[in-house]
Amino acid sequence: RVPIQFGHTQIKQHSSIYNSQLDTAISTIAKNVHENGRAAVKPRFSRREFKQRTERTRARMDKAGIDVLFVTDPANMNYLTGYDGWSFYVHQMVALSLDDPEPVWIGRPMDGNGARVTTYLKEKNILDYPDNFVQSDRNHPMDRVAEIAKSRGWHRKRVGVEMEAYYFTAGAMEALRKNLPRTRFKDARHLVNWVRIVKSRKELEYMAEAARIAERMMRIGIQNIQPGTRQCDVAAEIWRTGVAGTRKFGGDYPSLPPMLPTGSGIAAPHLTWTDERFKRGEGTALELAGVRHRYHCPMARTVFLGQPPKKMRSAAKVVLEGLQAALDAMTPGTTAEEVEAAWRRVVSRHGITKESRIGYSTGLNYPPDWGEHTISLRPGDRTLLQENMTLHCVPAIAMEGWAI
């Protein structure tokens with residue numbers, strides 16, 4: 001129990017003490033709950049599925065000459081352990097070794113409680129670094145990671161790091177090299193991402209549920225885009241619908257906010273919204289995603305208030321024809337570039353060119369992106385498509401002042 005009836009001065013004097021006691025108490029409760037098997041969050045996947053994921057990841061590690069993998073992408077951390085928390089603004093990781101049967105979670109002490117709640121890991125495999133290492137100029141969380149690596153003998157092995165992960169900084173790499181000067185580091189960029197691209201039956205269930213949420217979000221967005229309505233009010237309704245989900249299941253926050261470039265900015269696909277009002281005679285390009293347990297299903301549509309210009313109406317027909325050609329080509333055994341080529345053949349007949357890719361793999365993710373950073377539907381990508389892959393096919397055409 002913590003006394004709460006303090007004077008203002010006493011609170012100032014004692015807050016740090018009681019905060020420390022409170023953190024300790026919460027951590028103790030979380031450990032007890034974890035050890036007694038009373039998880040606060042229902043497991044989203046079976047232990048068997050997590051085992052299959054780690055086995056497939058280890059197979060890729062072995063082929064790449066990696067003995068220990070430091071996973072810092074939160075989507076990959078989630079994929080391997082189930083860890084789910086908005087804690088990726090501080091350093092954290094899951095370490096996976098070829099020799100150890102279970103991954104190790106390493107992060108901020110307070111977030112260790114989240115690991116106890118959301119993962120299947122044993123207590124001994126939930127480790128932390130001192131909280132005064134957070135955003136410190138004197139200490140770095142990777143100093144603690146190096147200590148753990150030495151204690152487990154990882155420093156004598158080949159260690160893979162996700163050099164292209166948004167969340168793995170130059171400072172983190174520098175700290176690891178400083179503390180582990182003789183360790184052989186290898187770039188393991190997107191190693192786990194490639195394991196994730198073929199979805200399990202349960203993952204596809206979540207993707208389908210995310211699709212139902214996306215449909216509701218898009219309907220709400222289209223219905224609310226009216227002359228005189230503020231862009232921010234439409235965005236708010238889309239957000240509300242996405243989080244509320246359906247009567248059967250709720251939604252999650254997306255890795256990207258709803259995109260609503262409108263008016264003269266419609267051809268800039270990654271603009272969000274302002275408090276300006278929608279106007280008759282202007283178009284809006286909507287792109288958003290329904291999310292279920294971090295699994296994203298994106299969708300893109302175009303709205304025009306009034307009679308669209310002839311060039312937009314003509315382009316819409318071409319886009320639909322090209323999109324259908326791409327979807328028809330998207331079968332197991334086809335390469336990613338062959339899907340794009342099917343689209344390109346259609347639009348080129350109408351004198352239209354598009355340099356950017358027309359789609360990419362998507363699924364489990366965290367901000368700032370819902371893409372998996374693996375397959376791209378563009379020339380040169382010879383990845384063979386397989387059953388149960390999930391891709392966002394969005395062959396937009398953007399010209400000066402308008403887009404479809």
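1. At what angle do helix H2 and helix H3 pack, and how far apart are their axes? In this predicted model, H2 (residues 47-64) and H3 (residues 74-81) pack at an angle of about 120°, and 7 Å separates their axes. That makes H2 oblique to H3, since an angle has to be over 145 degrees to count as roughly antiparallel, and 65 to 115 is the range for roughly perpendicular. On the H2 side the residues involved are Phe50, Arg53, Thr54, Arg56 and Thr57, and they meet Asn78, Tyr79, Leu80 and Thr81 in H3. Sorted by class, this contact has three nonpolar, four polar and two charged residues.

2. Next, the H5/H6 pair. Helix H5 (residues 141-151) packs against helix H6 (residues 170-179) at an angle of about 40°, with the axes 9 Å apart. The two are therefore oblique to each other; roughly parallel would need an angle under 35 degrees. Their crossing is right-handed. H5 brings Met142, Asp143, Val145, Ala146 and Lys150 to the contact, while H6 brings Ala172, Ala175, Leu176 and Asn179.

3. While you have H5 on screen, have a look at what is buried in it. The buried residues of H5 are Pro141, Met142, Asp143, Val145, Ala146, Ile148 and Ala149. Among these, Met142, Asp143, Val145 and Ala146 also take part in the contact with H6. H6 is one of the elements covering the buried residues; the cover also includes strands E1 (68-71), E2 (93-97), E3 (104-107) and E4 (126-128). Just after the helix, Gly153 takes a positive phi of about 80°.

4. The crossing is right-handed. From H8, the contact uses Ile213, Arg216, Met217, Ile220, Gly221 and Asn224; from H9, it uses Val234, Glu237, Ile238, Thr241 and Gly242. By class, that gives five nonpolar, four polar and two charged residues. If you are wondering about the spacing of contact positions along a helix, residues three or four places apart point the same way because an α-helix has 3.6 residues a turn.

5. Is Thr284 buried or exposed? Thr284 is buried, at a relative accessible area of 2%. It is found in strand E7 (residues 283-292). The side chains of Thr284 and Thr262 are joined by a polar contact of 2.7 Å. Leaving out residues up to four places away in sequence, Thr284 touches Ile225, Leu260, Pro261, Thr262, Ile266, Phe278, Arg301, Thr302 and Val303.

6. Two backbone angles deserve a look, starting with Arg294. Its phi is positive, about 75°, although Arg294 is not a glycine. You will find Arg294 in the loop between E7 and strand E8 (295-304). Despite the loop location, Arg294 is buried, with a relative accessible area of 0%.

7. The other one is His373. Here phi is near 65°, again a positive value in a residue other than glycine. His373 is found in strand E10 and is partly exposed, with a relative accessible area of 32%.

8. Which two residues does a cis peptide bond join? Pro367 and Pro368 are the pair, and omega is about 15°. Pro368 is found in the loop between strand E9 (359-362) and strand E10 (371-376), the strand where His373 is found.

9. Last, another loop proline. Pro332 lies between helix H10 (310-329) and helix H11 (336-349). It is exposed, with a relative accessible area of 59%. Pro332 does have contacts: setting aside residues up to four places away in sequence, it touches Leu385 and Glu387. Asn388 is 56 residues from Pro332 along the chain, and the C-alpha atoms of the two are separated by 9.1 Å.

Terms used
Residues are numbered from 1 along each chain as its sequence is written. This is a predicted model: local features need pLDDT of at least 70, side-chain atom pairs count only at pLDDT 80 or more; totals for chains, interfaces and linings use all residues. Side-chain values use heavy atoms; hydrogens and water are left out. Axes are lines fitted to C-alpha atoms, for helices over the stretch in contact, and angles run from 0 to 180 degrees between N-to-C directions. Helices (H or I, at least four residues) and strands (E, at least two) are DSSP runs, numbered from the N terminus. A crossing is left-handed if the near helix is turned anticlockwise from the far one by less than a right angle, and right-handed if clockwise. Contact means heavy atoms within 4.5 Å. Buried means under 20% relative accessible area, exposed over 50%, partly exposed in between (1.4 Å probe, protein chains only). A polar contact is a pair of N or O atoms within 3.5 Å; within protein, one must be able to donate a hydrogen and the other to accept it, and residues adjacent in sequence count only if both atoms are side-chain atoms. Ala, Val, Leu, Ile, Met, Phe, Trp, Tyr, Cys and Pro count as nonpolar, Asp, Glu, Lys and Arg as charged, and the others, Gly among them, as polar.
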